[in-house]
Structures are given as C-alpha cells and as structure tokens.
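Here is a walk through one protein model, taken a place at a time. Have a look at it first, and then we'll go in.

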Amino acid sequence: MKRVFLTRQGLLCRLVISCMLLLFFGSLRGQGDLVSGVVKDEKGQPVPSVTVSVKGSTVKTITNDEGQFELKVSPGNTLVFTAIGYGSQELAVRQNSRLNVTLNESTKSLQDVVVVGYGTQKTAEVTSSIARVKAADFNQGGVQSPLDLIRGRVAGLTITRPGGNNNPNSASSIQLRGVTSLSGGNDPLIVIDGVPGGSLNLLQQDDIESFDVLKDGSAAAIYGTRGNAGVILITTKKGKAGDPQYSYSTYFSKDYIRKKPEVLSAADYRKLKADPANPYAGLMTDQGADEDYYSQLINKNNLTQYHNFTASGGSAKSNYRASLLYSDNEGIAAQNGNTQYGGRISVNQKGLKDRLTLQMNLSTNVRKENLNGGNTGDFEQAVQQNPTQPIFNPDGTYNVLTGTSYYNPVARLQQEKDSRERTLLSGDAKMTLLILPGLKASLMGAIIRNSSLEDQYKDRDSKSSLDSYRGGGYAYKYSDLLVDRTLEPTIEYSRTFREKHTINAVGGYSFQDEAFQKFSAANSGYLTDAFQENNLGAGTDLTAGKASESSSRSGSRLIAFFGRVNYNFSEKYLASFILRHEGSSRFGADHKWGNFPAVSAGWNISKENFMSGIKPVTNLKLRAGYGITGNQDIANYQSLVTLGTGGQYLNNGIWFQTYGPNNNPNPNLRWEKKKEFNIGLDFALFESRLSGSLDVYKRKTEDLLASYNTQVPPFVTPTVYTNVGSIDNHGIELALQGVILKKRDFSWSATFTVNYQANKLASISNDVFKASYFEYGNLPAPGSLGNAIRTQEGAPLGQFYGKRFAGFDQNGKWLFYKADGSKATTSQMTTQDLAYIGNGVPKYMASLGSRFTYRSFDLSVFFRSKFKFDVLNLPDMYFANKKWLGNNILKRALTTYGQILDDPQYSNYYLQKGDFIKLDNVTVGYNLPLRPGAMIRSFRVYASGQNLACFTGYKGLDPEQEDTGLTTGIDNRGFYPQTRTFTLGLNIGF
C-alpha cells in the first residue's frame, strides 16, 4: 500500500515538474523596445534607487545614482515608479519614448490602512498600539498553522508549538503581553474578515492578506468581554478588477531529526551490566537482542505536500476570488499526520449606483487526522526500553511487556488506531448601504459549523486489551458539533468640518449565539477484530453492563451595544473614544452586564511647523491610551446549580439512579476586567528608510476567576467559582524596520523586534475567600514529587518552588539546604525548607530578520530568541539516573550525572538556563524574468529551511517549552523529536 502511495506521489511530482518546464520555455523574456529616462524629485534633483517595473509582470530595474534607467518593454505597457519616501507614479509607454519622471515626496507608510475593530484607519491616525504584518513580511516556507506566518514578527506576541516543533496535529499556543487570567482563557480573540471567533483551520497561507494585532486595551475595548488577551484581526485576499487571473502554489517539505535523546545502545547496556563498579548491575538483564525502539517510531520517508489553486477577476463593481486546497502533512513520527482539502470563495459586488455593497465569504475545510502516532507516551516508553529486549517474540508476535507502567510502543502503534475527521464550514455576508454622503449602514451575519468524529480501536492481542478487557477488543466513538451564529448591524458617519476637523463615528449591536453538543460511546469484549469500532454492539461487554455512553449539550449567548468616535484636527491632534456595553449568559444573575470604555489620543509631532527644518525626521507621533476589557472565556453555567448523576441504589430488586448538585450557585459571578495604560511612539527617519514603534504598557487584571474552598453547609459542594484577586503586568516593546542598502541590482532590508515583560500575582484573597497560593505542574511518577510551580500572592507568575541542591554525600545520595542553611538528606527535608528556586517565564524576547535581493534572486534569514528564564529538565531528572536501571537510561547518566546513586528528586539541580537563539528560517528564491504580456505573469521557485539551528546551553532536546499560561518552562518526558524542515516550493501566476 505504501509503495502505491509513493508511486502516486512520484507521478504527481513528475507532472508538476513537467508543467514547470513547459511554462519556463514558453515564457522566457522576449525582445521589446528600449525605453529610457530619468527620475527627479520636485526640486529637480535626480532620485537614485527608484524601482521601475512593468505593471503586471516581474520585469523591473532600478535607477542609478543620476536617476537614469533603461528597460526593454512593449508598446502599450505601463511603467510603475516607486521609491522610499515618494508617492508611486504610473506612465504608459510609447514607442521609442524617453521619459522624464517627477516623483512627489510622500510618507507612503502613513497612508497605509490598518484594520481595527469594525473598520479601518490610516496609520497616521492610529492612537492605539496596533501591529500589522503583511503577506510580503510573512515567514517563508510551509507552515502548520496560519499563526506560524507571524511567529516572532510581532513584539510581545508569543507563539509556541508544545509537543513537537513540527507535529502536524498539535495546535499553536498563543499569548499576548503575558498571562491575564488564572482559569479563564489567555488566548487572543481571532477575528477573520470581521467575524469574531473564526477558526484558524479555515485559513491557508496563500489566502491571507494581513494580520493586525490589537495589543493594548484602548484598541481591544471595542470587543469588550473577549478582548482581555488582545485581538488578532486576519484579512483574507479578495478579488480585484481586471482580467481573470489564476495562480498555483505548491510546496513539498521533508523533516529530518535535528536532535533526539541519546540513550544506551545494546552494546553500551551490556558493557554497563558487566562493569563491576555498577551497583545496579543486578537489575539489568541481557535478553539477547539489539533494538532501537526510538528509531522504530520514526517515519523516515515523511513527505508533506501542499497545493493551492486560485482564480480571481471581475470588474470594479463585481469581482470574485476562489481558491481550492489539498494538502497531505506527514510528521516525523510514524502514523502521525493529516490530510486536508477545502476551498474558499469571496464575492464583492456594488449596485444601486454604487450605493450598495455586498461582500460574501464561504469557506470549508475537511481535515482527516491520524492521531495514533506522535504519542508522547510512546516516545517515553521507547527511551526507557531495555535495548537488548526484543520487539518480537521468536514466533513473530509482538513481545508484550509485563507491568502496568510499561508497554511495547512499536506493538501499540500497530495494534491500536486513533483517527479523527473534522469538518469546518463558515459563511458570512455583509451589506453596506450609503444612505447619505458620509453616512452608511451595514449588516453582517455569519455562521460557523465545526464538527468532528473520532474513532479508536484496540486489537484483542494489544497490551491494553489483555490488561483491561480480558483479551477482548476495545472500541470507542466520539462526535461533537459546535455552531456559532453572529449578527452585527452597524452605522458609520464621517465628516470633515472647515477642512480641519474630521469626525468618524461607528455604532452597532452585536449578537452571538453558541451551541455545543457531544456524544461518546465505548464497548469492549470483542471476539474478533473484524468489526473494529464500526459495530459497537458486537462487543460482549454491552450485555454485561460494562459498556459506557455519555452525551451533553451546552450553549451561551453574548449581546452588546458598542460605539467609537475618532476625532482628527489638521492631522496633528487625534483622539478616540470607545464604549461597549455587553451582557453574557455565562455570568451571575446580578452581573450579566458590564461596561468597557477606552480613550486614546495622539499627537503627530512631525506635522508641527517647528519640525519643518528637521529633515531627518519623516514622521514622529506620540500616542497614549487607556482601556478596560473583559474575559468571559470560561465554562458555561458556572454561576448556576447544575444537576449531575451520583451513585445508584437497589430498591426491591431495581437499581435507581441518584442525582445531585454539581456546583454551587454564584449570582455575583462577573467578568474579569483588565485595565491597561499604554504610551507609544511611532517614528520614521531618513525618508522612511528607518521606521518603528516603541510601546510601554502597564496593565492590571482584577476580579480574577478561580475556584475556592467553601464550607458545606451552607454551600452544597466544597468549592465555588468566584472572583478574587488581581494580576499586574508591565512591559516594553520595540519594533524596527529599515532599508539598510538599496542599489541598482542589490538591496538589503531588515526587521528587529524586542520586548521585555514582567508580571506579578498581586492578590488572591479577600474578606470571604482565602488562599495562600496556587500550584501547577504536577510531576509524574515514580515518587510523590508534588507540583513544580507555585504562584503566591505578591510573587511573579511561573515561579519554580522546591528543594535547594546542596551536593551529594559520599554514597551519592542527595543533600539539600534546609531553611536555616544547614544541609540535610531527602528524608530530613520538610515543606518549610522549600523555597522559590527559578522562573520559567522568559523576560526578554527578540527577533532579527534580513532580506537580500540581487536582480531576480532573494534571500531571507530570520533569527528568533528568548532570554532570562529557566527550564526544568524532567527527562534528565528521571532518565539520566543510574537508579532507573534495568530500564534504559540517557548516556548523560554515566557522565554529567554520574555521581547520582539515589532516587530522582526535584530541586534546582535540574533547573537549567533556557536562553536560546534559533536560526528559525532561511529561504532562497528566484523570480523568473518574463516578457510583458506573456501568458505567465509570474514564476517563482524557492527553497526554505526551518528550525535549522539552536544556540543554547540547555542540555535537553529544546529549551523552548510551553511559556504561555501558568505551567511554564517544564520540559516534560514526551521526547517528540526536534526536526529541521526543508521545503521546495513554486508559485505561478497566469
């Protein structure tokens, strides 16, 4: 079966290459007329380094130091002249013409438009902290998630991929400006084309036009209860007026292991067993085999392919864009991947003499996932298996290991299955009517339908079936459905008074209804594996009453009234005012509604008369904002008494089900509220060759949501979900963009971001509910080692709490410091001796990107880094310890940790500096020069490498662990391999 699949892939590759060659030889640059000229500014001075390109093609050149240029084009073509600090200009070409071009000075960047909540604004008019990343600045190569496109590109935005840097079935974890909640959501709100709560799985990298990140409270307050963790606005590509156009994008990528755990080989194991100095040799057994369990879990032939075909066109009044997707993503782990297919179509149309505009989007995605492989438990088992222990018995059956904590991971991979199919459908439409000049009304409606089906089966001869189901197979099926409906009418008014005063006002109503339901059933005792999960009734445990079945349904509703007023005086003095009045069904009867105001102001200093003589300063704007946002990202019905099932009792030979309350009611349950102040500076220097922004923020989240212990009675259950406490955050963010060098054939541009963040749990108690601390990061067996992280009132978040290492005694046993400074053995330590020993939250994050172009070639290099944090190395703590024998161990147990002759213990001994610099991406591309008017508009081929190198002192696989939320900086025992990814891609426009 695998051979057939690879043959199909080979045929597809040959077909793609053949098409590339045909297109190449059919579209080589032809001869045209020679057009020359000179480009000058308004003062008559020549302008060097002006890009002169043929509109609609890749043909271009750059003016020399005297502003002169030459270019071969065909009559009737249009030349486009662009340069930093100048407005662009277009000129039609006549036969044998010589052009004299004058460019007007313009701060083009200030005319750019950013997307804000329920509208857009010119960059020059923005008074809040908003970061924009356009398609041209996206990370290159193939990505597993749309958010990977901007990873490291936005100061203060953290995007990590727990469970493997390129695991195709792991989701990205995102966080903006640190933790804002203890139990509510910490993920920014995702808004796709104006629809809040959109799914990232509906987006492909070729469909995205830009990301706009609303970072501070004054920007996010327009989204009220969902803006606590920030807002990410995603704009997709739309159709444009003109001739029909098609484009095809494809890439093939392959993963190679960058780093894997170094364990003892069979020869190493036997040598250690024979070592007379090894006190644990008696625990080791030589079973005669030579196995590498870890390598058996690797898919060495992995290959990912991606195909996206797009068609667009139309007129100024009616246009469209449609795209089709197919991708097959194979991970480095065996049986770990997904296949996707879907599409997206957008239609824009104007009517009623251009007074009525209709925008429609429809998208779907079907994703089939193989979840059986990539299991972190499998890799952990592979690391600790005795390398002399055979995978197979002499009769060819799998070797089934005894003991509840151990299993043969290679056998499990073949004897079990776990698959899931997700189907996403999203549709939205927006109508906008121009009522009067400056006054328009809009109505937007959207529906998102997200369903999934999951199937599991365990063969009769699998260890799980033998241990838990008496050798009968086990089957499980699960399904869920989430339906999200949104309706938002708005009205907008814009007017300029006396040529200096401009007002823009937006008001609206928002209604969002969410319904979720799920169902699951399981049965066991199958006498044959023929049915697997496709016939749940065939399992004999159903009649024995040992099967299981469950279902649930829940829903929530959100209603809001909102408004925003922007004021602009002579483009110098700017102000914005926001108020959102919102209600949620998730909160208590006495606090269903909340108000979320914001105010911000800006001063365009560069517009002042006293700045006219300071020519190095192209733009300088000071802004400040204050806003309040909320958090309603909690489970439904937390404020109500819900009914649940209890035990059963026997009465007159009949079993009766009991029911009782699941949680305490809390009519005072209300929003978490984050109050944030931000002051920022936007600047552009040297005719915009250097530009950037600097932001300083301080935020406080109040009325934190958490569970607290209660007395029973008067409460009916021992805990209640309520509002207590606050979190403080503050930080600094800097983003820079610059054109370092631009010559006729060569250019070099760069981007740089850096941010500092700090946080503190200001309080977690009040007069009614008391708590000294919360703990997170429970450490796995063996041993009762407790939790790794303690969050205490007045202390930073992410603090490691445990023993302080004091050395080893002469027998290789642990010594730790007690509270009084004396040394003690493990048994002599008490809870009073524990202390704060480190922190897993990075204090600094930075990135540096460079882009070089030489004629038709381009090179992009991107570095990303994090500093000032600790990582708890659990793999070393457990597996780099000789006491783990006779299982396999890491080689470091004999070198770095050779002195240890004791059980694993949690202390700062295993906290390691996590600072790192990663060479995240290197991409080389080539744009084939094509003759104007050719059938092929553009032809680009590129090669990309991702996660190429990591410079760090950390001893584990990867220092970049989960650093969002509250369980930060813990390198768990998953051992999913770190990979380098190499990609070869092609983009064709015709």
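Ile-62 is buried, with a relative accessible area of 11%; buried means under 20% relative accessible area, exposed means over 50%, and partly exposed is what lies in between, using a 1.4 Å probe and protein chains only. You'll find Ile-62 in strand β3, residues 60-62. Helices (H or I, at least four residues) and strands (E, at least two) are DSSP runs, numbered from the N terminus. Now look across to Val-50, 12 residues away along the chain: its C-alpha atom and that of Ile-62 are separated by 5.3 Å. If you skip neighbours within four places in sequence, Ile-62 is in contact with Ser-49, Val-50, Thr-51, Gln-68, Lys-743 and Arg-744, where contact means heavy atoms within 4.5 Å.

A word on the ground rules: this is a predicted model, so local features need pLDDT of at least 70 and side-chain atom pairs count only at pLDDT 80 or more, while totals for chains, interfaces and linings use all residues. Residues are numbered from 1 along each chain as its sequence is written, and side-chain values use heavy atoms, with hydrogens and water left out.

Next, the helices. In α4 (residues 266-273), the buried residues are Ala-266, Tyr-269 and Leu-272. They cover an arc of only 130 degrees around the axis, so they sit on the same side of α4; the arc is that of the directions from the helix axis to the C-beta atoms.

Helix α6 (residues 376-384) is mostly covered, with seven of its nine residues buried. Those are Asp-378, Phe-379, Glu-380, Gln-381, Ala-382, Val-383 and Gln-384. What lies over them? The cover for the buried residues of α6 includes α5 (293-296), α7 (409-415) and α9 (874-879). At the start of α6, a side-chain oxygen of Asn-375 comes to within 2.7 Å of the backbone nitrogen of Gly-377.

Let's move on to strand β26 (residues 548-569), which is where Asn-568 sits. Asn-568 is buried, with a relative accessible area of 7%. Its side chain reaches the backbone nitrogen of Glu-571 at 2.8 Å. Setting aside neighbours within four places in sequence, Asn-568 is in contact with Glu-125, Lys-500, His-501, Thr-502, Tyr-573 and Leu-574.

The loop between β25 (501-526) and β26 holds Gly-545. Buried or exposed? Gly-545 is exposed, with a relative accessible area of 62%. Between its C-alpha atom and that of Asn-523, 22 residues apart along the chain, the separation is 9.7 Å.

Now for the empty space inside. Rolling a probe the size of a water molecule over the atoms shows where empty space is left. On a 1 Å grid over the protein atoms alone, a cavity is a set of points where a 1.4 Å probe fits but cannot get out, and lining residues have an atom within 4 Å of a point. Grid points are joined across faces, edges and corners, and a volume is the space filled by probe spheres set on the points. By this rule there are nine cavities of 30 Å³ or more.

The largest cavity has a volume of about 270 Å³. It is lined by 17 residues, and Asp-148, Arg-151, Asn-165, Asp-920 and Gln-946 lie nearest its centre. By type, the lining of the largest cavity has one nonpolar, nine polar and seven charged residues. Here Ala, Val, Leu, Ile, Met, Phe, Trp, Tyr, Cys and Pro count as nonpolar, Asp, Glu, Lys and Arg as charged, and the others, Gly among them, as polar.

The second largest cavity has a volume of about 130 Å³. Of the 17 residues that line it, Gly-152, Val-154, Leu-157, Met-845 and Arg-864 are the closest to its centre. Its lining divides into six nonpolar, seven polar and four charged residues.

Stay with Arg-864, which is found in strand β46. Arg-864 is buried, with a relative accessible area of 5%. Its side chain makes a polar contact with the side chain of Glu-960 at 2.7 Å. A polar contact is a pair of N or O atoms within 3.5 Å; within protein, one must be able to donate a hydrogen and the other to accept it, and residues adjacent in sequence count only if both atoms are side-chain atoms.

Note on methods:
1 Å grid on protein atoms, 1.4 Å probe; cavity = no way out; pocket = protein on both sides within 12 Å on 5 of 7 lines; lining within 4 Å.
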